[in-house]
Amino acid sequence: TGEREFVDLSKLPDIPWNLIDMRNYLLNGEFGIQTDFLTSKGCPNRCIYCYNNNFNKSKWRAMDSKKTLNEIKRLVDLYKIEHIRFQDDAFFVDLKRAREIFEGIRKISHNLTWSSFGACISDIKRMDNEYLQSLEKSGCTDILIGIESGSPKILKYIKKNNTLQDIILSNKRLSKTKIRVTY
């Protein structure tokens, strides 16, 4: 088949969780019953090694916050989920959307925690201190940030779109929160 237009994730029907045995996908881990969830696809960055350049044409598209929160609520109601692990390649591209999601998580359940396994230094740089405090208060436990290298030469070569100074500054700012950061 030829290339097709990307699907608008917000217009997809509700996820039919009942078609699979969710017990096979739930983990009783550090934060209780948890599952992975994907709310966006792609990444707008152009790192030379990344599959997103070809597969997603360096475009980022996301399920809107309302639909995302609806799906999270369904997971919590159906499966008593206590922790969501967002597996997006770049969860924080749209900071307003991300904030609507993490503030909405608190309205679903005050005990629900979450983590993001896809963040970029360029997005962390755009977060002010108030945003970082809200992130922490929302139940965010962990953020995985792809920095790929501590070498300025390599960062430039792979077109990572951040510098070693950006990484150090972002790390210092995040260290003032209780959020665990992995690189």
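**Group meeting: strands, rings and a helix pair**

Okay, let's start with strand 7, residues 140–145, which is mostly covered, with five of its six residues buried. Buried here is under 20% relative accessible area, exposed is over 50%, and partly exposed is in between, using a 1.4 Å probe and protein chains only. Strands are DSSP E runs of at least two residues and helices are H or I runs of at least four, numbered from the N terminus.

Quick housekeeping: this is a predicted model, so to speak of local features we need pLDDT of at least 70, side-chain atom pairs count only at pLDDT 80 or more, and totals for chains, interfaces and linings use all residues. Residues are numbered from 1 along each chain as its sequence is written, and side-chain values use heavy atoms, leaving out hydrogens and water.

So who does strand 7 pair with? Strand 6, residues 113–119, runs parallel to strand 7 and is joined to it by four bridges; pairing takes at least two DSSP bridges between the strands. Ser116 has Ile143 of strand 7 as its bridge partner. Then there's strand 8, residues 180–182, which pairs with strand 7 over three bridges, also in the parallel sense. There, Asp142 is bridged to Arg180 of strand 8.

On to the rings. Phe, Tyr and Trp rings (the six-membered one for Trp) pair if their centres lie within 6.5 Å; planes under 30 degrees apart are stacked, over 60 edge-to-face, the rest tilted. By that rule we get 10 aromatic pairs. Take Tyr51 and Phe55: the centres are 6.0 Å apart and the planes sit at 50°, so that pair is tilted. Tyr51 counts as partly exposed because its relative accessibility is 45%, while Phe55, at 62%, is exposed. Phe91 and Phe92, on the other hand, are edge-to-face, 5.0 Å centre to centre with 90° between the planes. Buried or exposed, those two? Both Phe91 and Phe92 are buried. They also belong to a cluster linked by ring pairs, together with Trp17, Phe37, Phe86, Phe102, Trp114 and Tyr131.

Helix 2 (residues 65–79) packs on helix 3 (residues 95–108) at about 30°, axes 9 Å apart. Axes are lines fitted to C-alpha atoms over the stretch in contact, with angles from 0 to 180 degrees between N-to-C directions. That makes helix 2 roughly parallel to helix 3, a label for angles under 35 degrees. Residues in contact, meaning heavy atoms within 4.5 Å, include Leu69, Ile72 and Val76 of helix 2 and Ile101, Ile105 and Ile108 of helix 3.

Definitions and conventions
Parallel < 35°, antiparallel > 145°, perpendicular 65-115°, else oblique.
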